[in-house]
Amino acid sequence: VCSSDLVLGACGSMRDSRLNPFNWFKPSEESQLMGPVAQDAADPRTLVADVVDLKIEPYPGGAIIRARGLPPTQGYWDAELVARPLDENGVQVFDFYVFPPLIPMAANIPQSREVNVATSLSDIKLEAITQIVVQGANNARSSRR
C-alpha cells in the first residue's frame, strides 16, 4: 500500500513538473504585434522587419530563446532581444533590435539577410511566464506552454 501511495504521489508532482515535456513551450506560431515600442531617440537600432523563426530550448537552469529575423537588406548587425516588463497574464515580450548597415547594401536573397539572436531566461524567471513573444516591425512570433 505504501509503495502505491509513493507512485501515485509522484505522478501528480510529475504532471506539474518542468521535467514533463508536455509543460514545455510549444512550437512557435505567427502572433499579433503587442503594441508600439517606446524607442530611445539616442538609440540608432531599429526593429528587424520580420521575425521568421522562434525556438525556446531548455537547458539545466533555464531556457534559451532563439529568434531569426529578416531585415530588408544585407548589412544589419549586432542583434539583441530586449525584454519588456512581464505583463499580468504571464506574457513576456521581446523586441528584436538590430543596427542598420553603415553603408547602403543590396537586398539580395532572403537567406543572405537573415540575422540570428539569442538570450536566456533562468528557471526562476520562467516560473511566471506562460507565453513568450518576439516581435519585429511587421510581425511577431509566439510560443505558449
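Helices (H or I, at least four residues) and strands (E, at least two) are DSSP runs, numbered from the N terminus. This is a predicted model, in which local features need pLDDT of at least 70 and side-chain atom pairs count only at pLDDT 80 or more, while totals for chains, interfaces and linings use all residues. Residues are numbered from 1 along each chain as its sequence is written, and side-chain values use heavy atoms, with hydrogens and water left out.

**View 1. The whole chain, from one end to the other.**
Starting at the N terminus, the elements run α-β-β-β-β-β-β-α-β-α-β-β. That comes to three helices and nine strands. Of the 145 residues in the protein chain, 35% are buried; here buried means under 20% relative accessible area, exposed means over 50%, and partly exposed is in between (1.4 Å probe, protein chains only). Now for contacts, meaning heavy atoms within 4.5 Å: among those with a separation of 6 or more, 69% are between residues 24 or more positions apart.

**View 2. Inside the largest nonpolar core.**
A nonpolar core is a set of buried Ala, Val, Leu, Ile, Met, Phe, Trp, Tyr and Cys residues joined through side-chain atoms within 4.5 Å. The largest one here has 20 residues, and those with the most contacts inside it are Ile65, Leu81, Phe96, Leu121, Leu126, Ile132 and Val134. Strands S3 (50–59), S4 (62–70), S6 (91–99), S7 (115–122) and S8 (131–135) each give two or more residues to this core. Zoom in on Ile132: leaving aside neighbours within four places in sequence, its contacts include Phe25, Leu54, Ile56, Ile65, Phe94, Leu121 and Leu126. Ile132 is also in contact with Gln92, Arg141, Ser142 and Ser143.

How much of S6 is covered? Eight of its nine residues are buried, so by the under-20% rule the strand is mostly covered. Two strands pair if DSSP finds at least two bridges between them. S6 and strand S2 (residues 46–47) do this in the antiparallel sense over two bridges, with Thr46 opposite Val98. Strand S5 (residues 77–83) also runs antiparallel to S6, joined by five bridges, and here Ala83 stands opposite Phe94. With S8 the pairing is parallel, over five bridges. Look there for Gln92, which stands opposite Ile132.

**View 3. Arg141 meets Glu30.**
A salt bridge is a side-chain nitrogen of Lys or Arg within 4 Å of a carboxyl oxygen of Asp or Glu. By this rule the count comes to eight. One of them joins Arg141 and Glu30, with the closest N and O atoms 3.4 Å apart. The pair links distant parts of the chain: Arg141 sits in strand S9 (residues 140–144) and Glu30 in strand S1 (residues 29–31), 111 residues apart. Is Arg141 buried or exposed? Arg141 counts as buried, at 14% relative accessibility, whereas Glu30 is partly exposed at 48%.

**View 4. A network of salt bridges, and another pair.**
Asp53, Lys55, Arg68 and Glu114 are linked in a network of salt bridges. Within it, the side chains of Arg68 and Glu114 meet at 3.5 Å, N to O. Arg68 lies in strand S4 and Glu114 in the loop between H2 and S7, so the pair ties together parts that are 46 residues apart in sequence. Arg68 is partly exposed at 26% relative accessible area, and Glu114 is partly exposed at 32%. Another salt bridge brings together the side chains of Glu57 and Arg66 (2.6 Å, N to O). Glu57 is partly exposed, with a relative accessible area of 28%; Arg66 is partly exposed too, at 36%.

**View 5. Lys26 beside the end of the chain at Arg145.**
Find Lys26 in the loop between helix H1 (2–15) and S1. Not counting residues up to four places away in sequence, Lys26 touches Ser143, Arg144 and Arg145. Lys26 and Arg145 are 119 residues apart along the chain, yet 5.9 Å separates their C-alpha atoms. Lys26 is partly exposed, with a relative accessible area of 41%.
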